Amino acid sequence: MTGFVPTWEDLRRFVQSLLARRWIRFGLMGGLATLCYALLGLLFVNVWALPLLVGNGLAYLISFFVSYLGQSLWTFQARGGHRAMLPRFAATQAVGLGLNSCIVWLLVRLGLAYEFAMPVAVVLVPVFVYLLCKYWVFRRARELAEPDATTPERSEEHTSELQSPVPIS
């Protein structure tokens with residue numbers, strides 16, 4: 001049986017096409033920030049013997065900034081405007097936490113076991129947070145201003161998101 005054997009170039013183009021999609025970068029950055037939080041929390045509490053709430057809080061704070069920097073610079077490629085974006089990002093994270101808690105609480109109250117309620121929240125909340133980040137937190141300053149005759153309806157950023165860098169055949 002003969003079949004298609006992908007080359008390194010095929011793999012490179014495939015990965016490049018995935019990373020061209022903003023929502024993939026969003027998920028990867030969120031995963032990296034979560035890993036950062038977990039590893040730093042273990043380091044601070046279990047290795048450095050910091051008090052539990054101090055170590056956990058410090059790990060969370062550092063991972064928050066890892067997430068913010070990664071999402072702003074890599075995922076959304078926002079330039080400038082951090083005075084406006086950082087508080088909006090913090091508010092979005094707080095809303096995400098609240099929404100997560102509400103979903104889990106509601107599903108458990110409706111009789112679903114916590115083990116099954118949590119994955120529902122883990123899937124739904126990032127979608128909501130992604131949309132808030134895309135349309136509110138990391139909007140460019142010119143997009144927040146009133147549109148004028150020189151502002152195109154669709155920016156280059158939005159049209160490139162729809163195009164795949166790899167031709168689909």
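Trainee: Which residues do ring pairs link into a cluster?

Mentor: Please bear in mind that this is a predicted model. A pair requires ring centres within 6.5 Å. Linked through such ring pairs, the cluster consists of Phe26, Phe64, Phe65, Tyr68, Phe76, Phe89, Tyr130 and Phe138.

Trainee: How many aromatic pairs does the count come to, and what is the geometry of the pair formed by phenylalanine 44 and tryptophan 48?

Mentor: The count comes to 11 aromatic pairs. For phenylalanine 44 and tryptophan 48, the ring centres are 5.3 Å apart and the planes meet at 40°. Planes under 30 degrees apart would count as stacked and those over 60 as edge-to-face. The pair is therefore tilted.

Trainee: Are phenylalanine 44 and tryptophan 48 buried or exposed?

Mentor: Buried means under 20% relative accessible area, and exposed means over 50%. Phenylalanine 44 has 5% relative accessibility, so this residue is buried. Tryptophan 48 has a relative accessible area of 54%, so this residue is exposed.

Trainee: Which residues touch the most other members of the largest nonpolar core, and which helix supplies the largest share?

Mentor: This core has 18 residues, and those touching the most other members are Phe26, Phe76, Phe89, Cys133 and Phe138. Helices α3 (52-75), α4 (82-109) and α5 (114-137) each supply at least two residues of the core. The largest share, 7 residues, comes from α5.

Trainee: With which residues is cysteine 133 in contact, leaving aside its neighbours within four places in sequence?

Mentor: Cysteine 133 is one of the core residues that touch the most other members. Once its neighbours within four places in sequence are left aside, its contacts are Phe26, Phe76, Phe89, Thr92 and Phe138.

Trainee: Which residue forms a salt bridge with arginine 12, and which with arginine 13?

Mentor: The count comes to 2 salt bridges. The closest N and O atoms are 2.5 Å apart for arginine 12 and glutamate 9, and 2.6 Å apart for arginine 13 and aspartate 10. Arginine 12 and glutamate 9 lie about one helical turn from each other, because they are 3 residues apart in helix α1 (residues 8-19); arginine 13 and aspartate 10 are likewise 3 residues apart in helix α1.

Trainee: Over which ring does the charged end of arginine 88 sit?

Mentor: A charge over a ring must be within 6 Å of the ring centre. The charged end of arginine 88 is 5.9 Å from the centre of the ring in question, which belongs to tryptophan 136.

Technical notes: Residues are numbered from 1 along each chain as its sequence is written. This is a predicted model: local features need pLDDT of at least 70, side-chain atom pairs count only at pLDDT 80 or more; totals for chains, interfaces and linings use all residues. Side-chain values use heavy atoms; hydrogens and water are left out. A salt bridge is a side-chain nitrogen of Lys or Arg within 4 Å of a carboxyl oxygen of Asp or Glu. Helices (H or I, at least four residues) and strands (E, at least two) are DSSP runs, numbered from the N terminus. A nonpolar core is a set of buried Ala, Val, Leu, Ile, Met, Phe, Trp, Tyr and Cys residues joined through side-chain atoms within 4.5 Å. Buried means under 20% relative accessible area, exposed over 50%, partly exposed in between (1.4 Å probe, protein chains only). Contact means heavy atoms within 4.5 Å. Rings of Phe, Tyr and Trp (its six-membered ring) pair if their centres lie within 6.5 Å; planes under 30 degrees apart count as stacked, over 60 as edge-to-face and the rest as tilted. A charge sits over a ring if NZ of Lys or CZ of Arg is within 6 Å of the ring centre and within 35 degrees of the ring normal.
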